[in-house]
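Hello,

Here is the structure I promised to pass on to you. Have a look at it first, and then read my notes below.

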Amino acid sequence: MKVREHIESLRDELRAHNYNYYVLDNPTISDFEFDTKLKELQVLEEKHPEFYDASSPTLRVGGAITKNFETIVHESRMYSLDNSYSKEDLEDWEKRVLKNLGVEKVEFTCELKYDGASISLTYEEGRLVRAVTRGDGFQGDDVTANIKTIKSVPLQLKGDYPDKFDIRGEIILTLEGFAKMNQERIANGEEAYMNPRNTASGSLKLQDSALVAQRPLECLLYSIVGKDLNFDSQFAMLEKAREWGFKVPTVAKLCKTTEEVMQFVEEWDVKRHDLPYETDGVVVKVNNLRHQEELGYTAKAPRWAMAYKFKAEQVSTVLNEITYQVGRTGAITPVANLEPVLLAGTTVKRASLHNADQIEKLDIREGDTVFVEKGGEIIPKIIAVDFTKRPHNSKPTAYRTHCPECDTELERKEGEAQHFCPNDTGCPTQITGRIQHFISRKAMDIEGLGGETVELLFKEGLIKNYADLYMLTKEQVMPLERMAEKSAENLVNGVAASKTIPFERVLFGLGIRYVGETVAKKLAKAYKNIDALMIAKDEELVAVDEIGERIAESVVQFFNNETNQEIVARLKSYGLQFSLSEEQLQNQSDTLKGKTFVVSGVFESIGRAELKKLIEDNGGKVSSSISSKTSFLVAGANMGPSKKTKAEGLGVPIISEQEFLGMV
Ligand code: AMP
Ligand code: ZN
């Protein structure tokens with residue numbers, strides 16, 4: 001087989017598997033087989049940049065950085081929807097529709113209203129060329145690079161699609177995906193996200209598309225706009241979109257009467273709790289597209305569609321007690337302990353109160369009867385107090401002033417919502433939390449040691465910090481509850497084995513606030529060893545890609561702390577990895593430090609991804625758009641003409657592949 005054919009056939013095959021997995025939820029090969037084929041394609045594409053294709057499945061992993069999202073005017077406006085809340089509302093709307101059209105009867109398509117961020121995708125000749133957010137309805141932001149990483153968005157269509165059209169839909173996060181993301185955030189010492197909708201919407205505006213690629217986003221489609229479309233009803237439109245490869249939920253139903261519509265609404269008001277994603281209602285649309293056109297739009301919404309909003313599930317119950325939790329970073333979270341009550345199919349006993357402001361704003365007090373709602377959040381929230389039921393002797397909540405675990409006075413920094421226990425080296429929950437983080441899978445991954453054992457070791461006075469782990473002996477551990485000779489040996493061996501874990505993971509394991517896995521990697525790469533990092537100043541740190549002031553400040557603070565300095569020194573003396581390995585170092589230099597590159601076009605001797613990696617490994621920055629800050633535009637064959645003009649206009653030097661390679 002010729003190389004080109006081989007590449008094409010791999011692309012087709014991977015597209016089909018993506019479709020089976022992400023659109024049909026029905027994978028036919030294992031993840032491993034898929035990854036193997038993807039790797040094979042990546043290698044071929046790197047070797048043969050002449051066969052570059054903007055819709056290749058290899059682009060799903062992201063990597064493009066968008067600094068400024070370009071504003072794009074929608075070719076046809078993205079409207080809002082009118083809302084209805086009762087059968088009467090719906091019947092009134094039907095009457096208006098019939099009168100307007102001068103007909104006796106119309107049919108309706110019912111779809112679920114997906115609760116996420118609206119998106120408009122433009123396809124030309126079967127390829128995704130642009131993705132734009134709703135914005136204000138007239139114009140939105142170009143988020144194409146990010147959308148391309150969402151696997152259920154087809155980059156290449158199949159079947160009898162029209163030459164050019166826009167398709168609209170909603171970017172959502174599944175509830176499961178959202179919960180997983182939050183577990184990871186909490187493990188990294190970051191604050192959990194509030195709800196899937198805002199998180200989905202925020203994801204679209206991330207600058208690094210590789211981060212977007214890691215988020216379990218999906219795209220559900222509901223409407224096509226364009227000329228000369230080969231269908232004449234809303235229902236047929238959905239079917240067509242499905243045929244072309246889009247993810248269009250099959251719950252959509254054609255209804256002949258408003259009675260049938262109401263049945264659909266009632267059915268899904270119950271079944272929605274079993275859906276993998278959030279829905280806040282049903283969208284009812286006049287089915288006939290000619291009718292839709294005739295009805296047109298009001299200033300804000302189509303006359304041919306109506307949202308029927310589900311009532312948010314709400315119950316009232318008594319708040320027995322407000323307790324306070326301490327996280328491993330010292331953050332305090334107030335928790336409402338409720339009289340158990342059934343809500344949306346589950347028994348609810350606790351609700352998050354977020355922070356002191358929230359308690360004050362709603363005037364929430366112990367003993368109050370409160371309204372609890374399950375919205376987008378995984379943990380239910382208190383939305384209001386039933387003041388008619390407030391006990392006479394009730395007093396305003398005094399927010400806890402001292403840590404529930406160590407009794408240190410709590411602090412609250414300016415501009416922060418959360419209170420903190422500042423006793424980070426003495427507060428037991430923070431200490432065990434930090435050690436648990438240190439040994440966790442993504443950090444030191446210590447075999448033979450679990451979270452409960454850490455608590456036990458701490459309670460018995462055998463460890464006070466993670467450095468103490470390396471001093472433990474089998475004889476010390478054996479007498480502990482549920483320990484035997486074998487398990488004690490495993491523990492000690494597991495600890496010893498962790499000494500080979502690479503620097504970036506050790507750095508992550510230290511548990512510096514805001515330093516998650518990715519940030520740890522960036523810092524390790526930029527500073528190469530802990531000594532350099534420990535003396536880094538705020539302003540140097542923020543110069544590192546993706547390191548903001550908040551992170552920089554936290555890093556400086558961590559290493560200024562004497563206890564932390566001592567612990568790091570001890571860990572070093574035990575032989576943990578505190579610098580990049582020889583191999584990692586060999587591929588690195590500072591030659592391009594302080595320089596920003598934009599890469600455009602196709603290259604002969606090197607793949608684009610490889611080229612970008614070279615820039616980063618040599619200390620340079622890669623950006624996707626040209627600005628006055630760009631140092632060089634590396635131009636390959638078929639470079640976009642607009643990039644060239646812009647670079648010339650701004651006086652940014654344009655260099656060839658050879659010139660670039662000469663620099664490194
Ligand atoms: P709203 O923003 O509440 O006025 O609702 C309008 C939004 O609902 C639209 O911008 C769409 O993004 C969204 N939506 C979700 N599901 C659907 C659907 N099945 N049909 C039409 N719009 C939908
Ligand atoms: Zn404390």
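This is a predicted model: local features need pLDDT of at least 70, side-chain atom pairs count only at pLDDT 80 or more; totals for chains, interfaces and linings use all residues.

Let us start with helix 15, which covers residues 485-497. At 1.5 Å a residue, the 13 residues of helix 15 should span 18 Å, and its end C-alpha atoms do lie 18 Å apart, which agrees.

Which residues of helix 15 are buried? They are Ala488, Leu491, Gly494 and Val495. Seen down the axis of helix 15, these buried residues fall within an arc of 125 degrees, so they line one face of the helix.

Next, the zinc ion (ligand 2). Its protein donors are the SG atoms of Cys403, Cys406, Cys421 and Cys427, at 2.2 to 2.4 Å from the ion. Along the chain, these donors follow the spacing C-x2-C-x14-C-x5-C. Cys406 and Cys421 both lie in the loop between strand 16 (381-385) and helix 12 (428-439), so the pair ties together parts that are 15 residues apart in sequence.

What is the geometry of the site of the zinc ion (ligand 2)? It is tetrahedral, with angles of 99 to 116 degrees among the four donor atoms. For comparison, the ideal angle for four tetrahedral donors is 109.5 degrees.

Cys421 counts as buried, at 3% relative accessibility, whereas Cys406 counts as partly exposed, at 21%. The cut-off for buried is under 20%, so Cys406 does not count as buried.

Ser223 is buried, with a relative accessible area of 15%. Leaving aside neighbours within four places in sequence, Ser223 is in contact with Asp166, Ile167, Arg168 and Met237.

Finally, the whole chain. There are 25 helices and 20 strands in it. The radius of gyration is 29 Å, close to the 26 Å that the globule rule gives for 664 residues, so the chain is as compact as a globular protein of that length. Its C-alpha atoms fill a box of roughly 85 × 80 × 50 Å along the principal axes. Buried residues make up 47% of the 664 residues. Among contacts between residues at least 6 apart in sequence, 68% join residues at least 24 apart.

Enjoy exploring!

Notes
Residues are numbered from 1 along each chain as its sequence is written. Chains are lettered from A and ligands numbered from 1 in the order in which they are written. Side-chain values use heavy atoms; hydrogens and water are left out. Donors are N, O and S atoms within 2.8 Å of the metal (3.2 Å for Na, K and Ca); water is not among the atoms, so sites may look incomplete. Four donors count as tetrahedral if all angles lie between 85 and 135 degrees; four count as square planar and six as octahedral if opposite donors are over 155 degrees apart and all others between 65 and 115; anything else is irregular. Helices (H or I, at least four residues) and strands (E, at least two) are DSSP runs, numbered from the N terminus. Buried means under 20% relative accessible area, exposed over 50%, partly exposed in between (1.4 Å probe, protein chains only). The expected span of a helix is 1.5 Å times one less than its number of residues. The arc is that of the directions from the helix axis to the C-beta atoms. The radius of gyration is taken over C-alpha atoms; the globule rule is 2.2 Å times the number of residues to the power 0.38. Contact means heavy atoms within 4.5 Å.
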